[in-house]
Amino acid sequence: MTAPNHALTGALIGLAVPSMWLSVPLAFVSHFVLDAIPHYDVPGESNEARIDSRQFLFIQIVGGFVLCVGLVALLWWSQVPNWLSLSVCAFIATVPDLLSIPRFLAVKRGHKDPVNSNLFWKFHNDIQRQHPRFLPVEFVWFALAALLLTVQL
């Protein structure tokens with residue numbers, strides 16, 4: 001899934017599970033559960049071509065970052081009593097993608113995607129079920145998660 005969907009799911013977990021001792025690990029695990037669901041990714045003939053594209057940069061990185069920061073700002077602005085806990089869970093739910101930044105940087109430097117050089121990256125890559133045709137899944141998940149969060153706040 002894209003970062004905003006991971007973040008919304010993490011925030012929902014933070015809302016549903018009041019103990020941070022439980023909500024934070026659940027938010028982290030939720031990332032992999034969501035990535036196993038067929039979801040959107042920018043098109044590309046190879047990992048390198050996909051990661052090196054402008055579309056990947058603007059949709060996955062810039063757009064994802066802006067929407068995630070917007071979610072945290074909205075939680076803070078709405079003054080939900082546990083906004084910080086929800087924000088932490090939202091961040092933790094996106095962390096596995098942040099751990100792949102070295103992959104992105106390697107490809108940007110013209111190297112082959114080092115996905116197989118690390119067991120975490122290999123696992124994370126192997127569970128992905130992504131394709132541009134799954135864009136509706138992203139929109140539906142986003143709409144439902146945003147609606148659930150809005151109703152609960």
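Analyst: Ala, Val, Leu, Ile, Met, Phe, Trp, Tyr, Cys and Pro count as nonpolar, Asp, Glu, Lys and Arg as charged, and the others, including Gly, as polar. By these classes, the lining of the second largest pocket holds 7 nonpolar, 4 polar and 1 charged residues. The model is predicted, so local features need pLDDT of at least 70 and side-chain atom pairs pLDDT 80 or more, while totals for chains, interfaces and linings use all residues. Residues are numbered from 1 along each chain as its sequence is written, and side-chain values use heavy atoms, without hydrogens and water.

User: Which residues line the second largest pocket?

Analyst: Thr2, Pro4, Asn5, Tyr40, Ile59, Gly63, Gly64, Leu67, Leu135, Glu138, Phe139 and Phe142. A pocket is an open set of 1 Å grid points over the protein atoms alone where a 1.4 Å probe fits, with protein on both sides within 12 Å along at least five of seven lines; lining residues have an atom within 4 Å of a point.

User: Why is the contact of Asp113 and Arg103 called a salt bridge?

Analyst: Their closest N and O atoms are 2.6 Å apart. The pair qualifies because a salt bridge is a side-chain nitrogen of Lys or Arg within 4 Å of a carboxyl oxygen of Asp or Glu. Lys122 and Asp126 also form one, at 3.0 Å from N to O.

User: Is Asp113 buried or exposed?

Analyst: Buried (under 20% relative accessible area; exposed is over 50%, partly exposed in between; 1.4 Å probe, protein chains only), since Asp113 has 7%. Arg103, at 8%, is buried too.

User: What makes Lys122 partly exposed?

Analyst: Its relative accessible area is 34%. Asp126, at 40%, is partly exposed as well.
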